[in-house]
Amino acid sequence: MLFAFSGAAASDRPEPKPVVRGTPSGYEAEVIALCPDIGERPEVFLARDGEGLAGHLARGNWKVYLVDPWSTPTAAAEGFDGVVRDVYPWLLKRLAEASGHDRITWVGHGVCGLLPLAAAARPSGNPPPTRWAALGTRFDWSLPSPELKRWVQSWKDGGGPLPDLVQRLLFTGLRGALGARNSSVPRGVRVVGTPAESLEFLHRDKISRRPPAAVLEDLERWMRQGRVTDRAGWVDYEIGYANVQGPALLVSGASDAVAPPEQVLPALDRLDAKVGAQWHLLSRINGDREEYGHLGMLLSRHAARDVDELLTAWLQGRETLP
Amino acid sequence: MSAVSPALRRFGALCFALLLAGCATVPTKNVEELPFFGARVSTADGWSLAVFHAPPDPATAGLPHHGTPVLLIHGTSVNRYNYMTDGSDLVSFLASRGFDVWVPEYRGDRSSQAPDKATWRAGAWSVDDIAAYDVPAVMDLVLKESGRDQLYWLGHSLGGALGYIAAQGPRSHQIAGLITIGAPGAFPHPNRLAQKAEKNTGLLPRSGQVPTRGAAKAALPLLDMAPDDPLLHAVYNLDNVDVPTLVEFVGLGMENIGRGMTKQYLGWMTGGRVTSLDGRVDYTAGLAKVTQPALVVAGRVDHIVPPWAVRAGYDGLASTDKSWLVMGQGWGHRHDYGHGDLLVGDFVVDELFPDIASWLEAQVSPPVAPPEPVEPALAPTIPGSP
């Protein structure tokens with residue numbers, strides 16, 4: 001087993017980091033880019049059992065790379081606009097070069113899931129062909145919850161959110177052990193109180209990272225306007241609905257307080273039929289083990305069963321998702 | 001593979017059906033002697049309905065909103081106890097804050113009387129019938145007794161949808177504002193529960209009433225044995241409700257559903273829109289006529305009327321003064337709320353009821369901006385000057 005990953009460097013050209021498990025995938029294998037949300041390190045895709053979604057996919061004959069657009073000086077200076085304009089296209093180019101072909105699937109958590117849509121709205125040429133999955137991505141920024149606004153404000157004020165706020169915003173839907181059902185806390189993670197407290201501790205220790213200040217400004221503007229636009233007001237990123245290519249998979253956690261289902265579904269309604277978009281609700285009502293929250297969908301022990309298998313089925317092109 | 005043979009399953013289903021048949025509801029006797037009984041009203045098509053009443057606390061007589069009538073309309077397959085269960089009693093809460101609270105039970109509830117036995121047995125009434133006959137009769141009573149021209153409407157689930165329907169109809173001018181809780185504006189993107197319900201419509205009786213009261217009572221023993229059951233979770237998030245509360249509520253508060261209403265609901269789920277039973281009236285489109293102030297409340301993990309179905313109501317309203325509230329941790333609450341626990345829950349008195357009362361109070365007596373300083377029109381008179 002080989003795993004190569006180094007800490008995020010403040011380079012404007014952050015190289016994608018390969019995740020290899022077992023036998024390396026063949027030359028023709030499809031590339032999957034895993035991109036974290038703005039307040040997360042890329043390790044979020046590995047933190048569950050040291051494997052996570054990244055390890056699961058790497059064992060499935062895909063070439064898996066972790067990408068990190070939020071650590072760049074461009075993100076710090078120009079926010080979301082700079083990432084859409086410079087960093088995202090560069091990452092796709094590098095992934096294509098590394099793999100020798102352009103069959104790239106972009107899997108973004110949170111704001112990273114917006115990048116394919118936003119890139120498709122820019123006037124500078126067509127976006128590269130890619131299918132994409134958005135996990136816990138908020139597409140409609142109207143009516144934000146008070147706790148989401150507090151989370152943004154707490155970073156802007158300097159200190160960042162307190163553990164209690166992080167638990168209520170990011171670690172909803174987790175469950176304790178009952179009968180044959182395990183707790184949401186993955187094996188190997190130290191149990192410190194409730195599942196939410198345990199995973200928040202893991203998050204604080206290994207995953208959380210200060211979001212770029214300029215991106216926080218963007219989020220605040222989107223929440224105020226109820227629309228996703230660039231800073232100058234020239235580009236309405238929602239134009240991307242008409243241009244973006246697919247297929248696309250939109251995944252919502254039923255209890256996700258950052259990107260609740262009702263703020264995700266407008267994207268499904270607006271995506272062109274030719275994109276072949278699908279929406280999946282991670283919920284007990286659909287047979288899942290939890291009412292998944294924003295980070296539970298990546299970090300919960302149960303995500304190995306409910307989320308990894310969903311992604312695998314979609315990537316394999318199965319008509320019926322689990 | 002299931003260990004239970006098909007024959008055994010069929011036998012179990014037969015026993016369950018017999019059990020439910022044994023639990024078929026009969027009308028309540030001596031309704032007039034029940035606590036909070038207010039009056040009986042007759043509808044234009046011959047039904048008699050019971051209306052329950054909690055007058056405002058006299059200690060609130062000096063408040064601007066004292067005596068403002070608020071109509072609480074319950075949801076499907078439940079009755080007034082939706083608002084009157086011990087520990088989560090919205091009726092008493094609002095009355096203690098000075099509101100004049102009215103709670104009708106509509107046709108098919110055990111306190112109602114059908115024009116004849118055949119009508120009761122047929123169970124053919126629809127949501128349209130409630131909107132066309134029950135609602136006007138009840139509104140007439142409340143406005144007459146309170147001496148007001150308008151009332152505020154608060155409805156949970158179907159009760160909220162009825163509010164949307166009433167506010168787009170000929171009585172719209174009599175509704176000052178709306179609070180809807182877990183109420184659908186439309187039914188886009190059905191979840192798996194709704195899809196299963198559509199597939200299993202053959203299990204429903206072709207006429208009469210769907211025995212939801214009997215089913216709930218029969219399932220009560222499972223509450224302790226299988227609190228993790230997904231079907232129970234579909235209705236209640238048990239993080240918010242303790243089992244004794246739920247047992248009390250099921251015993252008192254459950255009602256059957258008329259077959260006509262279930263047919264109408266299935267039309268909503270398959271068509272994605274809230275319409276009349278014959279499909280000719282699109283109540284979802286009619287939301288564009290509703291201009292009253294509105295507070296729209298959704299439960300974060302409500303699987304009966306999911307937040308996106310509630311949001312469709314919020315988005316459809318033409319009101320310029322509308323507020324959106326999600327009961328869940330992201331909005332600062334202890335837990336994420338399901339459907340039933342939006343009203344019958346351990347924390348609603350602290351987490352939801354104060355917001356409801358505050359919204360109503362602000363509507364009746366909006367906060368007044370401090371007066372602008374006014375320049376004196378004339379120079380002040382100086383004592384001793386000519």
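Colleague: What makes the crossing of α4(B) and α5(B) right-handed?

Modeller: This is a predicted model, and in it the crossing of α4(B) and α5(B) is classed as right-handed; that term applies if the near helix is turned clockwise from the far one by less than a right angle. The axes of α4(B), residues 127-146, and α5(B), residues 158-167, come within 10 Å and cross at roughly 65°. Angles of 65 to 115 degrees count as roughly perpendicular, and α4(B) is therefore roughly perpendicular to α5(B).

Colleague: Which residues make the contact between α4(B) and α5(B), and how do they divide by class?

Modeller: From α4(B) come B:V127, B:I130, B:A131 and B:V135, which meet B:L158, B:L162, B:I165 and B:A166 of α5(B). Ala, Val, Leu and Ile are among the residues that count as nonpolar, and the contact accordingly has eight nonpolar, no polar and no charged residues.

Colleague: Why is β2(B) called largely enclosed?

Modeller: A residue is buried when its relative accessible area is under 20%, and six of the seven residues of β2(B), residues 48-54, are buried, so the strand is largely enclosed by the rest of the structure. β2(B) pairs in the antiparallel sense with β1(B), residues 37-42, over five bridges, and B:F37 stands opposite B:F52. Between β1(B) and β2(B) the hairpin has five residues, and there B:G46 takes a positive phi near 95°.

Colleague: How do you know that β2(B) also pairs with β4(B)?

Modeller: Pairing requires at least two bridges, and β2(B) and β4(B), residues 100-104, have four bridges in the antiparallel sense. In this pair, B:V51 stands opposite B:P104.

Colleague: Why is α9(A) described as roughly perpendicular to α12(B)?

Modeller: The two helices pack at an angle of about 75°, with their axes 9 Å apart; since the range for the term is 65 to 115 degrees, α9(A) is roughly perpendicular to α12(B). A:P261, A:E262, A:Q263 and A:L265 of α9(A) make the contact with B:P307, B:W308 and B:R311 of α12(B), and these residues divide into four nonpolar, one polar and two charged.

Colleague: What makes α9(A) largely enclosed?

Modeller: Seven of the ten residues of α9(A) are buried, so the helix is largely enclosed by the rest of the structure; among them are A:V264, A:A267 and A:L268. Their cover includes α8, β6 and β7 of chain A together with α12 and β10 of chain B. α9(A) lies across β6 and β7 of chain A, running at about 165° to β7(A).

Colleague: Why do β1 and β7 of chain A count as edges of the sheet?

Modeller: The open sheet has seven strands in the order β1-β3-β2-β4-β5-β6-β7 (chain A), with mixed pairing. β1 and β7 of chain A each have a single partner strand, so one side of each is left without a neighbour in the sheet. The twist from one strand to the next averages 20°.

Colleague: Why is A:R85 called partly exposed?

Modeller: The class lies between the limits of 20% and 50%, and A:R85 has a relative accessible area of 34%, so A:R85 is partly exposed. A:R85 is found in α2(A), residues 73-99, and touches A:E78 and A:R122, not counting residues up to four places away in sequence.

Key:
Residues are numbered from 1 along each chain as its sequence is written. Chains are lettered from A and ligands numbered from 1 in the order in which they are written. This is a predicted model: local features need pLDDT of at least 70, side-chain atom pairs count only at pLDDT 80 or more; totals for chains, interfaces and linings use all residues. Side-chain values use heavy atoms; hydrogens and water are left out. Axes are lines fitted to C-alpha atoms, for helices over the stretch in contact, and angles run from 0 to 180 degrees between N-to-C directions. Angles under 35 degrees count as roughly parallel, over 145 as roughly antiparallel, 65 to 115 as roughly perpendicular and the rest as oblique. Contact means heavy atoms within 4.5 Å. Buried means under 20% relative accessible area, exposed over 50%, partly exposed in between (1.4 Å probe, protein chains only).
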